[in-house]
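I opened this notebook to record what I looked up in one structure, entry by entry.

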Amino acid sequence: MTRMHLYPWSRRGAALTGVLMLLVLEGVALATAPADLNGFLCGVLLGSSTAALVLVAVLERTRRRNEPRLTVPGARPLPDGFPMDRVRPVLLGPGAPRLNLLYTGWLFATDGRDASWISRHLGLPADTARLLTDAARERAAH
């Protein structure tokens, strides 16, 4: 029978457990040491705590560096040539759509979607969606 762990053990967890154990041992050492050694012990414990903190930081940095970057399979670069000159009057008009919707519509238009599809799925006005598809068609012709 395989045992399932809610939190898998990792280097990060091991480092955190080590730091917590070090803090507990520091507290015990300070409580049980003679009063004349407290200054020396505080210096040693401060140094070891700093070393533990550096260890955790190094482990975290190497984990982030070695972590694979998330990519979307089959992703293509964003198309250039967003028709800002044509879209600017729409953005300045009353009830203007948000710019991110226009960028999304532009991506769909360069991907070959028609104006009615873009208008229906993004909630853009039909003339704005047509403006984007016309600009995408002209861009593809060049």
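The entries below go from the overall fold to the core, the aromatic rings and the helix packing.

**Ground rules.** I am working with a predicted model, in which local features need pLDDT of at least 70 and side-chain atom pairs count only at pLDDT 80 or more, while totals for chains, interfaces and linings use all residues. Residues are numbered from 1 along each chain as its sequence is written, and side-chain values use heavy atoms, with hydrogens and water left out.

**Overall fold.** I began with the secondary structure and found 6 helices and 0 strands in the protein chain, where helices (H or I, at least four residues) and strands (E, at least two) are DSSP runs numbered from the N terminus. Of the 142 residues in the protein chain, 21% are buried; buried stands for under 20% relative accessible area, exposed for over 50%, and partly exposed for what lies in between (1.4 Å probe, protein chains only). I then looked at contacts (heavy atoms within 4.5 Å): among those between residues at least 6 apart in sequence, 50% join residues at least 24 apart.

Leaving out residues up to four places away in sequence, I listed F82, V87, L91, P97, L124, T128 and L132 as touching L102. T128 itself lies in helix α6 and is buried at a relative accessible area of 5%; beyond its neighbours within four places in sequence, T128 is in contact with V90 and L102.

**Aromatic rings.** I counted 3 aromatic pairs, taking rings of Phe, Tyr and Trp (its six-membered ring) as paired if their centres lie within 6.5 Å, with planes under 30 degrees apart called stacked, over 60 edge-to-face and the rest tilted. The pair of F82 and Y103 is tilted, because the ring centres are 4.3 Å apart and the planes stand at 45°. F82 lies in the loop between α2 (38–66) and α3 (84–92) and Y103 in helix α4, so this pair ties together parts 21 residues apart in sequence. F82 is buried at 17% relative accessible area, whereas Y103 is partly exposed at 38%. F82 also forms an edge-to-face pair with W106, at 6.2 Å centre to centre and 90° between the planes. F82, Y103 and W106 form one aromatic cluster.

**Around α5.** In α5 I noted A115, W117, I118, S119 and L122 as buried, with α4 and α6 included in what covers the buried residues of this helix. After α5 comes G123, which has a positive phi near 75°.

**Helix packing.** Last, I checked α3 against α6, which pack at an angle of about 170° with their axes 10 Å apart; the axes are lines fitted to C-alpha atoms, for helices over the stretch in contact, and angles run from 0 to 180 degrees between N-to-C directions. Where do the two helices meet? R86, V87 and V90 in α3 meet T128, L131, L132, D134, A135 and E138 in α6.
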